[in-house]
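Please read the points below beside the model.

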Amino acid sequence: MSVRWGLIGASTIARQFMINAIRAQGDGEIVAVMSSSPERATDYARENNIPLAVSTLDAVLSTDIDAVYISTTNELHLEQALAAAKAGKHVLCEKPLALTSADARTMVAAAKAAGIVLGTNHHLRNAGAHRAMREAIAAGRIGKPIAACVFHAVYLPENLQGWRITKPEAGGGVVLDITVHDADTLRFVLGDDPVEVSAFTQSAGMAGSGLEDGAMCIWRFKSCLIAQSHEGFTTKFADTGFEVHGSEGSLIARNVMTQKPIGSVTLRTAKGEEDLRFDREDLYARSLRQFHAAIRGEGQPSATGEDGIWSLAAAEAALQSASSGKAVKIDPKLGSMN
């Protein structure tokens, strides 16, 4: 049985990663693309060999499709996901799921009521490097995890700057764009949940309209592990990385906070250093494979709707902390709390 997809949003991320990932599945097919601009939809469909171009939500949802991939600007996700669920279409939505964790909870409840699969496209969970780290920690190879650091400050390319640095109402800013990923990746790799965050944000010259283009966060987890993360749009020469330090060893990963299956993971213990081997499968292809399996009733998406609530609640708390100058508790059931 094939899975017929509609793309809600004629986006760069869909063109660069998702279209190929869907088509890489033996049972994946792209039927339609929707953009609010009819001209953009038509051009995008022609350039990417998609049969149908439409310009309204109703038009794409009334097409003979099984699932939608939502990659519009963040403020549109809620309405589009709720409409898709009501129409009985499975939903894979870009992060953040919505502008608030309360709206994300509404999306998850609607998906459950409709009996459809809802996934959050946290692509980094699908990286072989992060799964190797998660497995090493779970196997006790570094003892008790004590601290972690995430280096995820990058330079936002000009073709992606747009609304991310100019439109607060669309959910712009580095926290909703990158901190959500780091919160989710920490949760996934550590197998632990963040309970409190203290954050500073900055505007270093790229973002306007009161938005932030850099952030540093300190996270406290349920296990009492503490973590640090650095997110940015303005660092042209930084490398990305992820370190987890435990009582019996450290994991040191380089160039792994990326959309590509690259980088390295080194395990350092009293025995010396060992480079961990991991698969180099395309992150988005793996995400789609998991999502298709979930549609068949075999397991869950790589990141569920509940995972999306967690990461958004964490990002909300980081923004609230930066605004208030205080540490903020994280509760995915309630949102952030002073």
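1. Buried area is used here for the accessible area (1.4 Å probe) that two parts lose on being put together, summed over both. Between domain 1 and domain 2 this comes to about 1,600 Å², and carbon and sulfur atoms give 53% of that area. On the domain 1 side, K95, H122 and R286 lose the most area to domain 2, together 36% of what that side buries.

2. A note on the basis: the model is predicted, with local features needing pLDDT of at least 70 and side-chain atom pairs counted only at pLDDT 80 or more, while totals for chains, interfaces and linings use all residues. Residues are numbered from 1 along each chain as its sequence is written, and side-chain values use heavy atoms, with hydrogens and water left out.

3. The domain assignment, whose bounds come from an automatic or database source, gives domain 1 as 3-122 + 285-303 and domain 2 as 124-280 + 313-329. Their centres, taken over C-alpha atoms, are 26 Å apart. Contact (heavy atoms within 4.5 Å) involves 17 residues of domain 1 and 18 residues of domain 2.

4. A nonpolar core is a set of buried Ala, Val, Leu, Ile, Met, Phe, Trp, Tyr and Cys residues joined through side-chain atoms within 4.5 Å. Buried means under 20% relative accessible area, exposed over 50%, and partly exposed in between (1.4 Å probe, protein chains only). The largest such core has 104 residues, of which W219 and F242 touch the most other members. Helix α8 (residues 174-190) contributes the most, with 10 residues. At least three residues come from each of domain 1 and domain 2. Setting aside residues up to four places away in sequence, W219 touches T179, A183 and L186, among others including A314 and I330.

5. Helices (H or I, at least four residues) and strands (E, at least two) are DSSP runs, numbered from the N terminus. Helix α9 (residues 283-295) has 13 residues and should span 18 Å at 1.5 Å a residue, the expected span being 1.5 Å times one less than the number of residues. Its end C-alpha atoms are 19 Å apart, which agrees. Because 11 of its 13 residues are buried, α9 is largely enclosed by the rest of the structure; R286 and H292 are among the buried ones. At the start of α9, a side-chain oxygen of D282 comes within 2.9 Å of the backbone nitrogen of Y284. G297 follows α9 and has a positive phi, near 90°.

6. What is the relative accessibility of D184? D184, in helix α8, is at 0% and so counts as buried. Its side chain makes a polar contact of 2.8 Å with that of R125. A polar contact is a pair of N or O atoms within 3.5 Å; within protein, one must be able to donate a hydrogen and the other to accept it, and residues adjacent in sequence count only if both atoms are side-chain atoms. Beyond its neighbours within four places in sequence, D184 is in contact with H122, R125, D307 and S311.

7. Most residues other than glycine have a negative phi, and most peptide bonds are trans. The following deserve a look. K95 and P96 are joined by a cis peptide bond, with omega about -15°; P96 is in the loop between β5 (90-93) and α5 (101-114). N49 is not a glycine, yet has a positive phi of about 55°, and is exposed at 63% relative accessible area. C224 has a phi near 85° and counts as exposed at 57%.
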